[in-house]
Amino acid sequence: MLGIYVKIAWRNIFRNRRRSFVVIGSVAVGVAGAIFMILFMMGMAEQMVHAAINSYLGHIQIHRTGFADNPVVRLTMSDPDSVIGQVERIGGRIQGYSPRILTRGLAQSATNSAGVQIIGVEAVRESLLTSVASRIVEGTFLTGETSLRRKEVVVGDALAQKLGLQLGRKVVLVAQAHGGDMGSGAFRVVGIFKMPSEDLNKALVWINLQDAQEMLGVGDGLSEVMVMLHKDDDLAAVQKALASELGDEYEVRTWQDASREMVQMVELFDVSTLIMMAVVFFAAAFGIVNTMLMSVFERMREFGILRAIGTRPWALFRMVIYEAMFIGFLGIAGGVVIIGILYLAGLGKGLDLSVFAESLALFGSDAVIKPYFDVPMFIETVVLVEVMTVLASLWPAMRASRLQPVEAIRQK
Amino acid sequence: MEIVVVSDVHKSYTVGNVTTEALRGVDLTIGQGEFTAIAGPSGSGKTTLLNLVGCLDTVTSGSITVDGQLVSALSSSELSDLRRNRIGFVFQAYNLIPVLTARENVEFVMLLQKVPDKERTERAKAILEEVGLGDYLDRRPTEMSGGQQQRVAVARAIAAEPALVLADEPTANLDSTTGGALLNLMRKLNEEKKVTFLFSTHDRRVMERARRLVQLRDGRVEDDEKR
């Protein structure tokens, strides 16, 4: 019984091929557009987050309690080995860790000065974990060489420009040291980096850990142990484990705690993706309502005859709904095919937005956006389109089922 | 046995402020196995009467009984059931489901009646052969001539084994030869299978073939001639 209505509905789609093609095409383009947006908006958000995590933030940062809000030398970890011991005990889920000195300070060149964030690191560990070493555009990253005469510093291109620095030039770093004195040191630029984020290019200055410790007079003390994980999904579990092991003396923060702006940015991306999808879907929905209404009005007489020979209203209602469902399915399939073709045609390698590189740098994103395939979101989209197609055909279906046979038959 | 009893039926339509009386007190009884034509000029009420007998419309006053059931006492879905099981319809034109083949069109009513698959297919095939369309089982309406389509419509109407087949000017859109052939077919089914036919026409040649001719004029029965 079901079969005949499904059969009629299916064949009806091929009755007015051009009209069906247009409406199925519009659903397909809508679906392709939505998937496209999801792929690249999610890709962009994903890239922004990872750019931040990889540039210097790391997944997890461990500090003395209070340091995050008030990064002063007084709150240096006095017994960093015990902290590192706990981190090492976490084992396989951790990709690595980087012991650091973090302090705000001033960078002075012969011509200018600027406020900077000084990061003292073990050169090899840092270059294995963060992306800074791969972002060097001139010179090299820190080598770890700490002979007093040639202390190494790596600066961002924006800072170099501001201070008029070139490779080999001297720069003096000043920061508050242990006990309230000012610590300072003369450094030579060994490398210039360029990260996707303009803010970071202006503010970050990398020096060797030992030089930093000496400058601040903190001995073997550390400001931070940065932890990098293999998988984002382990974040909460590792954070919880470390927090419970390290107790109240230490604060274990995730990148989300450290960068509220980034979290808000990702949320903003999610919301704007939803809004754009809603607009696309509504446009497609109106197309479907319109098409189904036209096709119902055109067939009034036919529906009248179906009613006359004993078809119940509910059956006509279902027939129109089935038809819309088929349109939805075909549209979705078309959308997936469109995306598939684009993907194979090179979209899979990423979307090159070099033209907008400067604006993207404000968001901390690279110019080439890699698609991020989120399976649940894809399934949600497909289900949503199908549901919307059915909703859009409810009214036409109601019109078809409510008509009076005698009036419908009178129409020519 | 009486299949249709129409007693003092009035039917009026109101469009805006204008009320038109289509039927003004019609009395008519159709017995089983009859082959009756309702004739009359345009506007005489032929189609209105057929729609009322076919349970597609409701009377303004008076009563109609079809196959022993008082039509005015039935709900909308009971009317659907009555139409499906007891009445076959043939309309002027464009009366088939365009996306279904001839066989599927004939099977459709049997599907609604829940006739088992095998019996349905066999019956549809037999009936289409009976109306001379054995070679057109899998053709869609658009691939058939007007006369062939009307024969499929007749086949569909009788497939449900109804008590009564109503045909509203079935030959109106056909040329005289094809129309004559359709009428022969209906007559044959009436004589051999005892199917009761009630059809409207304003074609003199069709009227001549009827075994009973009811003349309507201005919504009243003017003449009722049994031959």
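**A guided tour of chains A and B**

Begin with chain A, where 50 Å separate the centres of domain 1 and domain 2, taken over C-alpha atoms. Select 2-52 + 263-410 for domain 1 and 66-247 for domain 2; these bounds come from an automatic or database domain assignment. This is a predicted model, in which local features need pLDDT of at least 70, side-chain atom pairs count only at pLDDT 80 or more, and totals for chains, interfaces and linings use all residues. Residues are numbered from 1 along each chain as its sequence is written, while chains are lettered from A and ligands numbered from 1 in the order in which they are written.

Next, display both chains. Contact (C-beta atoms, placed from the backbone, within 7 Å) links 18 residues of chain A with 20 residues of chain B. On the chain A side, H11(A) gives the largest share, five residues.

Now select helix H2 of chain B, residues 76-86. Its buried residues (20 or more other C-beta atoms within 10 Å of their own) include Leu79(B), Leu82(B) and Arg83(B). The buried residues of H2(B) pack against helix H11 (300-308) of chain A, and also against elements of chain B, among them helix H3 (102-112).

Finally, turn to the open sheet of six strands in chain B, ordered E6-E7-E8-E3-E9-E10 with mixed pairing; strands pair if DSSP finds at least two bridges between them. Its edge strands are E6 and E10 (220-226) of chain B. Further in, strands E3 (35-39) and E9 (212-217) of chain B run parallel, joined by four bridges. Select Ala39(B) to find its bridge partner in E9(B), Gln215(B).

How values were computed: A residue is buried if 20 or more other C-beta atoms lie within 10 Å of its own, exposed if 12 or fewer, and partly exposed in between; C-beta atoms are placed from the backbone. Helices (H or I, at least four residues) and strands (E, at least two) are DSSP runs, numbered from the N terminus. Two residues are in contact if their C-beta atoms, placed from the backbone, lie within 7 Å.
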